Amino acid sequence: MRIAIRTDASPQIGTGHLARCQTLADALAQRGAQVRFVCRHLTDGAAERLQAAGHEVMRIDGAGEPDELSHATWLGGAQAEDAARTCAALAGFAPDWLIVDHYALDVRWERVLRERVPRIMVIDDLADRDHACDLLLDQNLHADMAARYAQRVPAAARRLLGPRYALLRPAFPGARGRERDGGVRRVLVFFGGVDAANQTGRVIALLPRVLSARVKVDVVIGAAHPHRAGIEAACAQAGYGCHVQTDRMAELMAAADLAIGAGGTAV
């Protein structure tokens with residue numbers, strides 16, 4: 001089976017969409033699938049990490065004016081142009097499924113790709129635009145999960161809704177179950193894979209004022225963090241652990257009594 005995935009990662013978008021798509025891609029590859037990522041925006045080192053995991057990466061560019069979608073600027077161009085470039089990137093690949101995880105793409109883009117691929121899966125969280133898909137995944141918890149996409153996807157589309165469908169790497173389920181007594185002995189600081197505003201640095205500067213020196217602190221940043229050198233130096237001075245592009249997130253989350261971060265996929 002061949003799987004194509006259209007997603008992006010950038011300082012504006014963050015890296016959560018790409019991370020969850022790679023989690024799915026890795027699981028599919030373990031079952032024998034061949035996966036090709038089609039991306040316009042990628043943070044430093046992202047393409048190399050995908051390729052190291054055995055996936056193909058095709059880069060596209062684009063042009064044109066963004067449309068009216070609330071996250072249209074994330075695309076950096078027009079949907080029609082992006083659809084044409086994506087079709088070109090899939091030439092000769094003939095995917096069985098196309099997975100799209102992008103807040104700036106909607107039914108207009110998907111209808112163009114439907115002419116090239118037999119089945120489309122959409123990963124979404126917002127329910128703010130229409131989709132032409134066969135399968136939709138929203139792994140978040142909402143009070144009205146069953147109704148959110150009632151008018152957004154075809155009636156025949158299967159919907160996978162709620163945290164039971166969360167795209168988690170295998171290490172996470174095994175890290176659950178630790179009992180806590182309410183004390184704070186270890187703190188995790190993680191503001192996503194990019195953190196362009198450097199909230200990480202602000203928190204590191206504040207923590208010594210409010211934490212006992214006996215509290216252990218783990219700071220996690222992505223390899224593309226724009227203030228990486230300063231954060232590494234600040235962590236060394238404060239005696240905090242600094243983890244760059246770590247594959248130990250499940251372990252670090254399970255060890256923490258308190259986490260400070262952003263409201264993205266990591267939550």
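**Figure 1. Overall view of the predicted protein model.** The model is predicted, so local features need pLDDT of at least 70 and side-chain atom pairs count only at pLDDT 80 or more, while totals for chains, interfaces and linings use all residues. Residues are numbered from 1 along each chain as its sequence is written, and side-chain values use heavy atoms, with hydrogens and water left out. The accessible surface of the protein is about 13400 Å², and carbon and sulfur atoms contribute 51% of it. The protein contains nine helices and 11 strands; these are DSSP runs, helices being H or I of at least four residues and strands E of at least two, numbered from the N terminus. With a radius of gyration of 20 Å, close to the 18 Å given by the globule rule for 267 residues, the protein is as compact as a globular protein of that length. This radius is taken over C-alpha atoms, and the rule is 2.2 Å times the number of residues to the power 0.38. The C-alpha trace spans about 60 × 40 × 35 Å along its principal axes.

**Figure 2. Close-up of the salt bridge between aspartate 106 and arginine 108.** A salt bridge is a side-chain nitrogen of Lys or Arg within 4 Å of a carboxyl oxygen of Asp or Glu. The side chains of aspartate 106 and arginine 108 form such a pair, with an N to O distance of 2.7 Å. Aspartate 106 is buried at 4% relative accessibility, whereas arginine 108 is partly exposed at 35%. Here buried means under 20% relative accessible area, exposed over 50%, and partly exposed in between (1.4 Å probe, protein chains only).

**Figure 3. Close-up of the salt bridge between aspartate 124 and arginine 129.** The N to O distance between these two side chains is 3.1 Å. Both aspartate 124 and arginine 129 are buried. Across the protein, buried residues make up 46% of the 267 residues.

**Figure 4. Close-up of the salt bridge between glutamate 251 and arginine 248.** The closest N and O atoms of glutamate 251 and arginine 248 are 2.6 Å apart. Glutamate 251 is partly exposed, with a relative accessible area of 47%, and arginine 248 is also partly exposed, at 31%.

Figure 5. The whole structure holds 21 salt bridges.

Key. Areas by Shrake-Rupley, 256 points an atom, 1.4 Å probe, with all protein chains shown as cover.
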